[in-house]
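Here is a short tour for anyone who likes to see how the pieces of a fold sit against each other. Have a look at the model first, and then we can walk through it together.

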Amino acid sequence: MARNIIVLGAGMVGVSVAWHLVRRGHDVTLVDRREPGLETSFGNAGIIQREAVRPYAFPRDIATLLRVVPNRQVDIRYRPTGMLSAAGPLLDYWLNSSGKRYERIVNEWASLIMRCQDAHAPMIEAAGAEALVRKGGWLELYRTQKELEERQQEAQENHERFGVEYEVLDAEALYAKEPHLGKGLVGAIHWTQPWMVSDPGGLVQAYARSFAEQGGHIKQASVEDVLQVEGGWRVDTSEGPLEADEVVVALGPWAGELLGRLGMKVPLFVKRGYHMHYSAEGEAKLNHWVMDAEKGFLLEPMRAGIRLTTGAELADLESPPQYKQLAAAEKVARKLFPLGKRRDSQPWKGARPCLPDMKPVIGPAPNKEGLWLAFGHGHQGFTLGPATGELLAQMIDGEKPAVDMAPFRVDRF
């Protein structure tokens with residue numbers, strides 16, 4: 001039976017949920033304060049990461065922790081206030097990042113990741129967005145043989161358990177693929193399955209247009225409140241109230257504040273990130289998306305230029321930007337590849353919505369009939385949005401989901 005459904009949040013996750021629901025015949029309105037794809041989904045590395053079957057764990061070894069403490073690294077930085085305000089979730093994150101807990105989480109997480117390309121494919125086709133997507137994988141670069149061999153061992157295990165495909169490149173093979181990279185690299189892991197997107201925000205916008213073409217409604221307005229009323233839900237927005245049978249909260253890092261007003265406490269914290277676009281000097285060309293694995297940044301040849309994306313900054317969601325991490329990454333990146341001038345007037349800043357067990361929340365809100373949740377995808381909202389939309393739509397329609405969704409329920413907290 002067709003229902004009137006409001007989806008809050010027009011990033012990759014929210015747009016994907018709305019797309020699947022309207023495709024099933026529901027009357028769907030997508031609400032966001034900005035146009036689709038202009039928040040977190042806009043600024044990521046643009047990789048649909050089929051190889052990412054292990055969520056990012058909190059560092060546990062003493063050497064890494066001691067390296068991070070001075071707060072000068074490229075891959076991880078922190079604000080003391082942000083660490084303090086998220087102390088509880090961060091402690092649980094640390095506890096969940098090793099041993100049997102982590103291995104259980106890997107299996108649950110991988111069940112989503114393994115669906116990512118099958119879920120993106122029909123949306124790419126329906127949106128006519130093939131020109132934005134490039135297949136053939138990306139390169140994870142290494143400076144030391146020991147680190148490369150350890151990663152190769154993990155890659156082989158992921159191949160055996162989860163079907164991850166890869167190729168190990170020695171220095172000669174790497175420089176044949178990327179002749180303009182700086183010297184000193186010993187090799188790389190070529191992850192051959194992932195798809196790369198030259199304009200991540202553009203892909204979300206293409207999905208949103210496809211949603212609208214199928215009869216969906218897009219409303220640009222700020223969400224002020226969500227109230228359960230007789231017969232359904234009311235969403236108060238800056239452009240007036242909306243009523244619906246059901247509501248989906250897909251607000252990414254902003255979901256926690258809204259759910260708090262509904263009496264639900266969720267241990268959401270953020271890992272912020274920055275990016276900047278550059279030209280290439282002279283005739284230099286970057287042929288692949290590349291990650292400097294031992295430094296912790298990525299370079300991606302995108303429509304807007306070569307995008308440099310930083311690692312994680314642990315900070316409060318709305319605290320002012322600090323560009324020192326980006327500056328540190330740029331300094332190293334210029335030695336890795338001949339970057340030219342900056343192309344953006346100022347760096348982009350975004351926030352990844354994270355939960356202490358590294359898994360998203362996907363499913364119903366307890367004791368609130370008609371309220372559904374889809375947020376907390378950490379580093380992989382861009383990768384997992386379509387799979388989330390498919391699975392949540394199955395749940396909303398009372399079908400058995402293609403994946404066991406019990407590990408993703410909010411009441412696990």
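Are helix 6 and helix 12 roughly parallel or roughly perpendicular to each other? Keep in mind as you look that this is a predicted model. Helix 6 (residues 116-127) packs against helix 12 (residues 381-396) at an angle of about 80°, and their axes lie 8 Å apart. Angles of 65 to 115 degrees count as roughly perpendicular, and the two helices are therefore roughly perpendicular to each other.

Next, turn to an open sheet of 6 strands, with the order 10-2-1-14-23-22 and mixed pairing. Strand 10 (217-220) and strand 22 (361-364) stand at its edges; each has a single partner strand, so one side of each is left without a neighbour in the sheet. On average, neighbouring strands here are turned by 20° against each other, direction ignored. Helix 9 (residues 200-213) packs on this sheet, where it touches strand 2 (27-32) and strand 10, and its direction makes about 125° with that of strand 10.

**Two strand pairs**

Within the sheet, strand 14 and strand 23 run parallel, and Val248 stands opposite Trp372 in strand 23. Another pair, strand 12 with strand 13, is antiparallel. A hairpin of 2 residues joins strand 12 to strand 13, and Asp236 has Pro241 in strand 13 as its bridge partner.

| Strand pair | Residues | Sense | Bridges |
|---|---|---|---|
| Strand 14 and strand 23 | 246-249 and 371-375 | parallel | 3 bridges |
| Strand 12 and strand 13 | 232-237 and 240-244 | antiparallel | 5 bridges |

**The whole chain**

Stepping back, the protein chain has 12 helices and 23 strands. Its radius of gyration is 21 Å, close to the 22 Å that the globule rule gives for 413 residues, so the chain is as compact as a globular protein of that length. The C-alpha trace spans about 65 × 45 × 45 Å along its principal axes.

UniProt, in an unreviewed entry, lists residues 5-395 as "domain: FAD dependent oxidoreductase". Over residues 5-395 the chain is 35% helix and 28% strand, with the end C-alpha atoms 14 Å apart.

Conventions: Residues are numbered from 1 along each chain as its sequence is written. This is a predicted model: local features need pLDDT of at least 70, side-chain atom pairs count only at pLDDT 80 or more; totals for chains, interfaces and linings use all residues. Side-chain values use heavy atoms; hydrogens and water are left out. Axes are lines fitted to C-alpha atoms, for helices over the stretch in contact, and angles run from 0 to 180 degrees between N-to-C directions. Helices (H or I, at least four residues) and strands (E, at least two) are DSSP runs, numbered from the N terminus. Angles under 35 degrees count as roughly parallel, over 145 as roughly antiparallel, 65 to 115 as roughly perpendicular and the rest as oblique. Two strands pair if DSSP finds at least two bridges between them. Contact means heavy atoms within 4.5 Å. UniProt positions are given in the numbering used here, feature names are shortened, and annotations may be inferred rather than shown by experiment. The radius of gyration is taken over C-alpha atoms; the globule rule is 2.2 Å times the number of residues to the power 0.38.
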